[in-house]
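Open the model in your viewer and keep the selection tool at hand.

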Amino acid sequence: MLRGDNHFETDVVAAERILAAVPEIRDCAWSNRGFHQRAAKWIAERGVRQFIDIGSGLPTVGNTHEVVHAAAADARIVYVDYDPVVLLHARTLLTSDVSGAIDYIDADLRDPGTIVREAARTLDFSRPVAVMLIAIMHLIGDADDPYGLVAQLVEALPSGSYLALSQVAADIEPEQMAEAARRYNRLAYEKQRHRTHAEVSRFFDGLELVAPGVVAVQNWRPASEIESRAKSAMWGGVGRKR
Ligand SMILES: C[S@@+](CC[C@H](N)C(=O)[O-])C[C@H]1O[C@@H](n2cnc3c(N)ncnc32)[C@H](O)[C@@H]1O
């Protein structure tokens, strides 16, 4: 959806089938990318120096470590994904980084205990950590207890930590997004579960929601008018642990 170089023919075919029904999905992916970068930068500017990016995906433009290191060169970043192809790309990334400030964990979000344990090799959990769950929660169905998983991650963080989360909306352009999900679900391993504004807001229960709250991702502190005028059917927000 973001184009770039790090994908395969099969990804292109799948993306084209979804785009044929819902061309706006490409804008969603770009708006979400913008949210991801603005949230990471904003959190780094609040002094946070440790990040876990879960469901990092294939490397693309402006990955978390690039955005965060531009704002704070001494930050440490742990990437997590369970896709073996992402793992291959991560190995290249890690061998090109000699600072030891970046790590990659081959793990499943549905096992937060392993993520926290292995992230502790690189991060100090007595100091604030930002957990980035960007465009991953719609791939966690209700049977996997998505709210419980997020709560377990947040529980492991000290006060002053952040959660940045975005996921596909069930209540923006609902017919189009339902058709996109039907097409995606026929092609992909994970099944999509879109959520309403209220359902996405619930992920931030117990956290102090950073203004402007849970909003369409392009409206989360847009850096320009052009960015805010982009479209998306994704909710996103940032919360701070008191
Ligand atoms: C839609 S991509 C989002 C990538 C990136 N965060 C972004 O916003 O561009 C979702 C990623 O989450 C990963 N993923 C899905 N379910 C996962 C799980 N249960 N555990 C770990 N990673 C998962 C997929 O492999 C994929 O790389």
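**Stop one: the ligand**

Select L109 and the ligand. A polar backbone atom of L109 is 2.9 Å from a nitrogen atom of the ligand. That is a polar contact, meaning a pair of N or O atoms within 3.5 Å; within protein, one must be able to donate a hydrogen and the other to accept it, and residues adjacent in sequence count only if both atoms are side-chain atoms.

Before going on, note what you are viewing. This is a predicted model, where local features need pLDDT of at least 70, side-chain atom pairs count only at pLDDT 80 or more, and totals for chains, interfaces and linings use all residues. Residues are numbered from 1 along each chain as its sequence is written, and side-chain values use heavy atoms, with hydrogens and water left out.

Next, pick N32. Here a polar side-chain atom lies 3.1 Å from an oxygen atom of the ligand. How much of the ligand's accessible area does the protein cover? On its own the ligand has 600 Å² of accessible area, and the protein covers 85% of that. Such areas come from the Shrake-Rupley method with a 1.4 Å probe; for residues, only the protein chains shown count as cover.

Show everything around the ligand. There are 18 surrounding residues, and the closest are G55, D81, D108, L109 and I134. To be near, a residue needs a heavy atom within 4 Å of the molecule or strand. Color this shell by class: eight residues are nonpolar, four polar and six charged. Ala, Val, Leu, Ile, Met, Phe, Trp, Tyr, Cys and Pro count as nonpolar; Asp, Glu, Lys and Arg as charged; the others, Gly among them, as polar.

**Stop two: salt bridges**

Side chains of opposite charge can pair when their charged atoms come close. A salt bridge is a side-chain nitrogen of Lys or Arg within 4 Å of a carboxyl oxygen of Asp or Glu. The whole structure has 15 of them.

Select D103 and R121. Their side chains meet in a salt bridge, at 2.9 Å from N to O. The pair links distant parts of the chain: D103 sits in strand β3 (residues 102-106), R121 in the loop between α5 (112-119) and β4 (130-134), 18 residues apart. Helices (H or I, at least four residues) and strands (E, at least two) are DSSP runs, numbered from the N terminus. Is D103 buried or exposed? D103 is buried, at 13% relative accessible area, while R121 is exposed, at 56%. Buried means under 20%, exposed over 50%, and partly exposed in between (1.4 Å probe, protein chains only).

Move to R229 and E225. Their closest N and O atoms are 3.5 Å apart in a salt bridge. Both lie in helix α9 (residues 225-229), four residues apart, about one turn of the helix. R229 is exposed at 58%, and E225 is exposed at 57%.

Then select D142, R193, R195 and E199 together. Salt bridges link these residues in a network.

**Stop three: two buried residues**

Find S56 in the loop between β1 (50-54) and α3 (64-71). S56 is buried, at 17%. Its contacts (heavy atoms within 4.5 Å) include Y79, D81 and Y104, not counting residues up to four places away in sequence.

Finish at V154, in helix α6 (residues 146-155). V154 is buried too, at 14%. It touches L207 and K241, not counting residues up to four places away in sequence.
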